[in-house]
Amino acid sequence: MPYAILRFQKRKAGGVAACERHNERKKEAYKSNPDIDMERSKYNYHLIAPPKYTYKKEINRMVAEAGCKVRKDSVMMVETLITASPEFMNQLPPEEQKDYFQTALDFISKRVGKQNILSAVVHMDEKTPHMHLCFVPITFDNKLSAKSILGNQKSLSEWQTAYHERMSARWNQLERGQSSMETRRKHIPTWLYKLGGRLDKQYEEIVSALSNINAFNAGKKRDKALELIAAWLPDVEKFSKEIGKQQTYINSLKERIGQESNYAGRMRNEKYEQELKVQKANQKIFELQRTNEQMGRLLSKIPPEVLEELQRTGKTRPKER
């Protein structure tokens, strides 16, 4: 079933210019995004024209006019990605595609205020048509607060539900999608990422130790190898056990990202600081699984006599804390 897609990305001051260059096609080349066909960029169009000068200048003007207080870490702009599953979007006639984006624009405008929208541009030069809608998060009582507009996970879920209801009223085959902010990493404990990173760093050292341990060198080499593997084994066991618990979530995330691969990447351009954080968060989930598989292969290479030696001496027992 196709999904109605609505995704948000918060932009601080430092990320605004790069976002504008991408959305308004102000770069000469897009090496980081090979899906962009510059010969088709002439078919891109705006539902709301961009500001006369730059996003940043217009944001500063709007914030000053509203009298908003601004902190160094304030979210100055929210970028919204609007689209649907590729198979749905690409089968719509051009005029109906435009109706889809206009319907979404009307939905967003009522919630954030049309006066706060900087630009709404439809990209037709990538695999799946999609719209980038950028707005300044100025509330109706003139506060600069993306949190007040987007809210917490519960509020984001309500956004998704309301958006789906609006879009499916006309296109009833659409299913409800999920925001990256709604789903990102919420089921993966932080300690698991840290443990995975530590195991990755230990990998080469363990491989090197194993290359010398078969001969069971006397002295320091043997003792060092045993020490490394003894410290490594309990962490591997703990890591593997937790990955098993998280497997259902990892599989569901793989399926969702696979469905969104044609357009989600547009919101994660490598030069966007905030987008990199989202990209790395998703990548690290799959890196955990890769690390687990790698550790399993390495474990199978440890000679049985080494494991027996460790068990005999009790060196695999984790230290009491």
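Which residues in α4 meet which residues in α6? Before you select them, note that this is a predicted model, in which local features need pLDDT of at least 70, side-chain atom pairs count only at pLDDT 80 or more, and totals for chains, interfaces and linings use all residues. Residues are numbered from 1 along each chain as its sequence is written, and side-chain values use heavy atoms, leaving out hydrogens and water.

**Stop 1: two helices**

Select residues 94-112 for α4. Helices here are DSSP runs of H or I with at least four residues, strands are runs of E with at least two, and numbering starts from the N terminus. In α4, look for Tyr100, Thr103, Ala104, Phe107, Ile108, Arg111 and Val112; they meet Glu158, Trp159, Ala162, Tyr163, Arg166 and Met167 of α6. Contact means heavy atoms within 4.5 Å. The two helices pack at an angle of about 140°, with axes 10 Å apart. Axes are lines fitted to C-alpha atoms, for helices over the stretch in contact, and angles run from 0 to 180 degrees between N-to-C directions.

**Stop 2: the sheet**

Now show the strands. Six of them form an open sheet in the order β2-β4-β5-β3-β1-β6, with mixed pairing. Two strands pair if DSSP finds at least two bridges between them. Strands β2 (45-48) and β6 (175-176) stand at the edges with a single partner strand each, so one side of each has no neighbour in the sheet. Select 117-123 for β4, which pairs with β2 in the antiparallel sense over three bridges. Isoleucine 48 has alanine 120 in β4 as its bridge partner. Next, select 153-168: this is α6, which packs on the sheet and touches β1 (3-12), β3 (75-84) and β6. The direction of α6 makes about 140° with that of β1.

**Stop 3: around α1**

Select 13-23 for α1 and 55-66 for α2; their axes come within 9 Å and cross at roughly 125°. Val16, Glu20 and Asn23 of α1 make the contact with Tyr55, Lys56 and Ile59 of α2.

Which residues of α1 are buried? They are Gly15, Val16, Ala18, Cys19, Glu20, His22 and Asn23. Buried means under 20% relative accessible area, exposed over 50%, and partly exposed in between, with a 1.4 Å probe and protein chains only. Their cover includes β1, α2, β3, β4 and β5 (130-135).

Finish just after α1, at arginine 25, which takes a positive phi of about 55°.
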